[in-house]
Amino acid sequence: MKQAVHLGTLSAMSIGIAFLYQWYVLTRLGPGIETDALFAGMTIPQLTLAIISGSLMHVLVPLLSIEGEECLRRDAWSFFALIGGAFTMLAMTLFVTAPWWVPVTVPGFSEGGMDLTVRLTRIQLIGMVFSAVNGVQWAAYHARQRFVWAECTPLLASVIGFLALTWALPRFGVVAAAWISVLRLALQTVLLLPGMGYPARPALKSELVVTSWQRIKPLILGTAYYKTDPVVDRMLLSMAQAGSLSLYYLAQRIYGAVNQVLNKAVAAPMVPRLSRLHQSGKRDEFRRLYIRKLIQIAAISCFGLFALGTVGQLVLELLVGIGRLSEKNVTDLWWIMMWLSGVFIGGALGQISSSAFYACGDTRTPTRISVVSFTLYIPCKVVSFYLWGVMGLALATSIYYMANFLIQQYFFKKGVLA
């Protein structure tokens, strides 16, 4: 519990600074085409990272956590080289072809808005490479159960980045915000290097690399499909009123930030422990730990939503209702968050159930569930947006997250906990 509090505090501070970054940009520039272009430009880099980096963490931590120190160091550097090289090639390809594919993701933008989105996307593709190798570094830290420094690095990088932002944004505008995002990620890579140990020659044909690739394949194939959710959101919201995309993005970021804190404090430390219990066949201890974490997350989520419903609007007015954000902007943001409440609860609980699957080495079942539920959800989402606008989009997303968790829970209970 003490560890969870420390990690949760560090993660909350880190995410709070990162959120301060978004808040400063939005209140300084105001919701409009510049902020819409900045947030839309983050779509593909974030999507790529969600597919690759997320899959890496789920697969690498359980495997590395049962290795000896020397093998862990060698395999961590192997993945660092492998992922760094692959993402550099991918970023270069996306950079060159950006004028063709970026406009497809924001069909409702004006020509000027599309040009700005292309420019900002190209900058943020550089940060994608750093963020990808950070995923490998984090997996090495988590496998060694060295969680504290892993949580301190984004905090330090975000503080430095925010100070740079307050100086650069008034002078150079939205382009500075994009470059400082890259700076934060690069700094984090440097800060995480000591935990990798001294460099080792990559062993790309080691048993762990081969096993990891076998496990990661279904994850990548599945997530490449169902993680396209933000792309669909941006495409639809680019046709809504100017500023809607920015407010919707901010609401998602707030929920994402809280879920990230819960993941760092509760779900991530749970994975190595569940993995070892599963490996040693201690089913009762495995079951008790899983259910305890599920109850903790459910209680925290329900309390958070109660706070949002009762005092949330007032808190938002104090936090973001300044600068160029109007009172109506704050009210719209609060309503979007209320409509997206299922994303918060379903997302937080889903982290526990999917992490438990991964701790058992099962990457296929949660991926298949997400692929099927996402296939059913996309048509509902598009229809809901055209019928009820932003509200319809948010409610459909909430239902999807809740349904996805309940289906995962059903199959986990039936297959692993039975």
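In which helix is the place of S301? S301 sits in helix α11, residues 283-320.

## Basis of the model

This is a predicted model, in which local features need pLDDT of at least 70, side-chain atom pairs count only at pLDDT 80 or more, and totals for chains, interfaces and linings use all residues. Residues are numbered from 1 along each chain as its sequence is written, and side-chain values use heavy atoms, with hydrogens and water left out.

Helices are DSSP runs (H or I, at least four residues), numbered from the N terminus. Buried means under 20% relative accessible area, exposed means over 50%, and partly exposed lies in between (1.4 Å probe, protein chains only).

S301 is buried, because its relative accessible area is 0%. Leaving out residues up to four places away in sequence, S301 touches L262, F344, I345 and A348. A contact here means heavy atoms within 4.5 Å.

A polar atom of the S301 side chain lies 2.8 Å from the backbone oxygen of I297. This pair is a polar contact, defined as N or O atoms within 3.5 Å; within protein, one must be able to donate a hydrogen and the other to accept it, and residues adjacent in sequence count only if both atoms are side-chain atoms.

## The nonpolar core

A nonpolar core is a set of buried Ala, Val, Leu, Ile, Met, Phe, Trp, Tyr and Cys residues joined through side-chain atoms within 4.5 Å. The largest one has 125 residues, of which L38 and L165 touch the most other members. Helix α10 (residues 244-279) gives the most to this core, with 16 residues.

Apart from neighbours within four places in sequence, L38 is in contact with V25, L120, Q124, V174, A177 and A178.

W101 lies in helix α4 (residues 69-105). W101 counts as buried because its relative accessibility is 17%. The W101 side chain has a polar contact of 3.2 Å with the side chain of T97. A polar atom of the W101 side chain also lies 3.2 Å from the backbone oxygen of L94. W101 and V118 are 17 residues apart in sequence, and their C-alpha atoms are 9.0 Å apart in space.

M128 belongs to helix α5 (residues 111-143). At 1% relative accessibility, M128 is buried.

## Salt bridges

A salt bridge is a side-chain nitrogen of Lys or Arg within 4 Å of a carboxyl oxygen of Asp or Glu. The count by this rule is 2. In one of them, the side chains of R74 and D75 meet at 3.3 Å, N to O. D75 is buried, at 0% relative accessibility, whereas R74 is partly exposed, at 29%.

K328 also forms a salt bridge, with D332, and the closest N and O atoms are 2.8 Å apart. Both residues lie in helix α12 (residues 327-339), 4 residues apart, about one turn of the helix. K328 is exposed at 53% relative accessibility, and D332 is partly exposed at 26%.

Terms used: Helix = DSSP H or I, 4+ residues; strand = E, 2+ residues; numbered from the N terminus.
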